[in-house]
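Here is my note on your model. Please read the points in order, with the structure open beside you.

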Amino acid sequence: MRRIFVTLFSLLLGIAGMGLVSAPTASAAGYGCGGSLVGQYNIKGADKSTWGTINVYYSSSNGGTNCAVNVAKKYAGTPHGMEVHLFQGSRRADDRGKYSQYAGPVSLTGTNGKCITVSGEVSNPSGSSVTLDKWSDIYCD
């Protein structure tokens, strides 16, 4: 019996080592946001390349909940400055720091039928170049 267990365990370790068994990725889990992905907004540098993408999620829970993350594109895998901001009226949620994959999630409740604004910022790893963008009055229905 022990030999069978050791053989099965070794087999599972081998499969995991080949990448056939892996933990769920952040994107599969909505980067910590609940609900459905309702929009994606690219933050582009002066050269028109995408530095980051803001993913916006919506759930009907708590009178409507919007959630946002800023996903690294150009410098993914390397720590660099990233920010994500979510606004609804005078309320706001923010996250900023040095991240290698994404900033956020940030969320606001009670947003059903109310406009939101999202914005984000991305800097290069040295911090010498920054790009930002903002999308106002979206998802007003």
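1. Start with a side-chain pair. The side chain of Tyr 99 makes a polar contact with the side chain of Asp 95, at 2.9 Å. A polar contact is a pair of N or O atoms within 3.5 Å; within protein, one must be able to donate a hydrogen and the other to accept it, and residues adjacent in sequence count only if both atoms are side-chain atoms.

2. This is a predicted model: local features need pLDDT of at least 70, side-chain atom pairs count only at pLDDT 80 or more, and totals for chains, interfaces and linings use all residues. Residues are numbered from 1 along each chain as its sequence is written, and side-chain values use heavy atoms, without hydrogens and water.

3. Tyr 99 belongs to strand E5, residues 91–99. (Strands are DSSP runs of at least two residues, numbered from the N terminus.) Tyr 99 is partly exposed, because its relative accessible area is 24%, and buried means under 20%, exposed over 50%, partly exposed in between (1.4 Å probe, protein chains only).

4. Beyond four places in sequence, Tyr 99 touches Thr 78, Pro 79, His 80 and Met 82. Contact means heavy atoms within 4.5 Å.

5. Follow Pro 79 next. Pro 79 sits in the loop between E3 and E4. Pro 79 is partly exposed, at 47% relative accessible area. Outside four places in sequence, its contacts are Tyr 99, Ser 100 and Pro 125. Asn 124 is 45 residues from Pro 79 along the chain, yet their C-alpha atoms are separated by 9.0 Å.

Note on methods:
Helix = DSSP H or I, 4+ residues; strand = E, 2+ residues; numbered from the N terminus.
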